[in-house]
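Dear colleague,

Please find below the structure I am handing over to you. My notes on it follow directly after.

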Amino acid sequence: MEEFTKAKKLINNAANILILAHRRPDGDTLGVSCALYLVFQKMDKSCTMACIDAPTDRFDFLPEINKFVKDFNPSVYDLIILADAADTKIVMYDNIYPELFNANIPIIVFDHHHSNEGVAGAVNIIDTRAASASAIVYKFFRFINVHISPQIATCLLTGIYNDTGSFMHSNTSKETLEIASDLMRCGAKVPVIIKSMFKNTPISSLKLWGRALENLKITEDGAAISVLMKKDFEECEAESNEAGGIIEKMSGIPEIKFAVLLHETGTSVKGSMRTIREDVDLAKIAGLFGGGGHRKAAGFVVPGRIEKEIRWKIIPEGDISLKGSTPISGLFVESASDKS
Ligand SMILES: [Mn+2]
């Protein structure tokens with residue numbers, strides 16, 4: 001609560017606030033940003049929301065989302081807020097405005113990611129047990145006693161829906177449901193959130209899913225593996241980010257240990273891994289390919305391409321440190337230097 005008090009003071013003293021969402025913005029970072037924006041407007045503060053990547057249309061329903069900008073004048077702000085990010089690198093403005101984080105402008109961080117320790121000298125409001133940054137901001141709003149309007153409630157509930165996978169991920173706690181329930185009481189528009197976020201799949205994505213499901217195999221080790229080649233994206237007219245969600249579906253196959261989706265980007269192979277089991281550590285397995293993540297969700301990127309053989313394998317290009325095969329049969333990396 002000490003950090004809440006400090007943050008409240010900084011906000012009260014600020015006249016011109018910059019809210020930064022993280023790169024490739026999701027419903028949590030956008031929900032937090034728009035909710036804060038609405039509150040600051042009520043407080044008669046001047047406010048800018050910025051993100052290095054434009055929000056996707058799926059979030060068009062969020063109030064004030066159209067106020068997001070990419071460029072701004074870095075010298076006019078007296079307070080910076082990092083929404084769902086506890087590292088200035090995650091918002092990616094270090095290179096564009098190197099002076100922004102060196103100008104002694106106070107910073108408030110609202111975050112819940114495990115890997116982040118906060119920004120030195122900032123008021124770091126970080127709760128790694130919170131399911132979403134939106135839940136933390138909800139508590140902050142209750143602390144500073146702001147009225148949670150239906151619009152604000154919609155923003156915050158969007159963040160919770162986003163980060164709990166509509167209350168299906170293991171981070172969904174009793175408190176998460178209590179906060180969600182209160183936000184509904186405040187007038188959050190649940191049908192709009194659900195329709196926009198979960199019942200909104202373009203045909204290109206469905207066709208791409210078809211390719212991934214068609215290629216699906218289960219290895220003798222009990223891993224479900226599939227691939228999406230570059231030509232699958234081209235033929236389905238799908239963007240790289242449309243592969244999202246397939247791996248979650250794959251991880252629900254009964255009896256498997258974990259699921260892996262390999263996806264060619266053109267210059268590299270991206271691997272996404274998911275499990276619903278407690279006895280599998282995917283961060284460790286992803287580490288074998290130079291990646292990382294959490295026990296139940298991890299990933300890696302290897303420069304190279306995918307070639308179809310009896311089993312799928314990654315053919316790396318150039319100098320990489322990966323050698324030989326890994327313990328997962330059906331998914332191994334052949335080092336470029338092994339071929340001769
Ligand atoms: Mn989040």
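How much space lies in the largest cavity? In this predicted model, the volume comes to about 60 Å³. The count of cavities of 30 Å³ or more is one.

The lining of the largest cavity consists of Arg 129, Ala 130, Ala 131, Ser 132, Ala 135, Lys 139, Ser 173, Glu 175, Thr 176 and Ile 179. Two elements, helix H4 (133-144) and helix H6 (174-185), each give two or more residues to this lining. H6 provides the largest share, with three residues. Sorted by class, the lining holds four nonpolar, three polar and three charged residues.

I turn next to the metal site. The manganese ion has protein donors from Asp 28 (OD), Asp 84 (OD), Asp 84 (OD), His 112 (NE2) and Asp 163 (OD), at 2.1 to 2.8 Å from the ion. The spacing of these donor residues along the sequence is D-x55-D-x27-H-x50-D. Distant parts of the chain are linked by the pair Asp 84 and Asp 163, which are 79 residues apart. Asp 84 belongs to the loop between strand E4 (79-83) and helix H3 (88-91), whereas Asp 163 is in helix H5 (residues 150-164).

With kind regards

Methods. Residues are numbered from 1 along each chain as its sequence is written. This is a predicted model: local features need pLDDT of at least 70, side-chain atom pairs count only at pLDDT 80 or more; totals for chains, interfaces and linings use all residues. Side-chain values use heavy atoms; hydrogens and water are left out. On a 1 Å grid over the protein atoms alone, a cavity is a set of points where a 1.4 Å probe fits but cannot get out, and a pocket is an open set with protein on both sides within 12 Å along at least five of seven lines; lining residues have an atom within 4 Å of a point. Grid points are joined across faces, edges and corners, and a volume is the space filled by probe spheres set on the points. Helices (H or I, at least four residues) and strands (E, at least two) are DSSP runs, numbered from the N terminus. Ala, Val, Leu, Ile, Met, Phe, Trp, Tyr, Cys and Pro count as nonpolar, Asp, Glu, Lys and Arg as charged, and the others, Gly among them, as polar. Donors are N, O and S atoms within 2.8 Å of the metal (3.2 Å for Na, K and Ca); water is not among the atoms, so sites may look incomplete.
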